[in-house]
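Biologist: I am new to this structure. Please pick a single part and take me through its surroundings closely.

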Amino acid sequence: GSSALGILELTAQYIAKETGMTEEEARKKFYVLDSKGLIGTGRKGLNVDKAMFVADAPDQLDLLEAAKFSKPHILFGCSTIGGLFTDEVLKEVASHHDNPLIMPLSNPTSKAECTIEAAVRCTEGRAIFASGSPFQDTETPAGGVMYGNQCNNAFVFPGIAMGATLSGATRVNDEKVVGA
């Protein structure tokens, strides 16, 4: 929904700032799914926010089909659909990258798109895991540890507020957030 699109828009702004590409070019790096599947070529009736993220790909692919098509480095979700990142999807993402970034951002934990245990199991412990809900650190097959990194937005807001206060800012716009 709107939270995922907001995250993507800020990320596109950051990519554009860091690489010199346009925000439009940066947005084309994302493959966005909604309740109908991948937002691909030919989709009609999109609102303005979703229309900015139409992929050059077949419309309405499911998550596994989209992962096979796009071979993503990062898989993040704000769907509140617990278990959406199935073992098959996680294994597909891991088959293309040594250290995929898996980010099930929904909370509470019961609504997280996957668990840390699934990320460990399906990526053989190679994923970088960051979630919106608390998960315990988990041992990997190689004897290491996958940390239950929580990246919930609640952790960001105090830092933004402190930075705004210390700098005397009266407004915090997207450019300031990206700059931080």
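Modeller: Setting aside neighbours within four places in sequence, Glu 113 has contacts (heavy atoms within 4.5 Å) with Gly 77, Cys 78, Ser 79, Thr 80, Ile 81, Gly 82, Gly 83, Leu 84, Phe 85, Pro 104, Leu 105 and Ser 106. The model is predicted: local features need pLDDT of at least 70 and side-chain atom pairs pLDDT 80 or more, while totals for chains, interfaces and linings use all residues. Residues are numbered from 1 along each chain as its sequence is written, and side-chain values use heavy atoms, leaving out hydrogens and water.

Glu 113 sits in the loop that runs from strand 6 (101-104) to helix 6 (116-123); helices (H or I, at least four residues) and strands (E, at least two) are DSSP runs, numbered from the N terminus. Glu 113 is buried, meaning under 20% relative accessible area with a 1.4 Å probe, protein chains only.

Helix 6 is largely enclosed by the rest of the structure, because 6 of its 8 residues are buried. These are Ile 116, Ala 118, Ala 119, Val 120, Cys 122 and Thr 123. Their cover includes helix 5 (87-94), strand 7 (128-131), strand 8 (138-139) and strand 9 (145-146). After helix 6 comes Glu 124, with a positive phi near 55°.

Terms used:
Buried means under 20% relative accessible area, exposed over 50%, partly exposed in between (1.4 Å probe, protein chains only). Lys and Arg count as positive and Asp and Glu as negative; His and the chain ends are not counted. A salt bridge is a side-chain nitrogen of Lys or Arg within 4 Å of a carboxyl oxygen of Asp or Glu.
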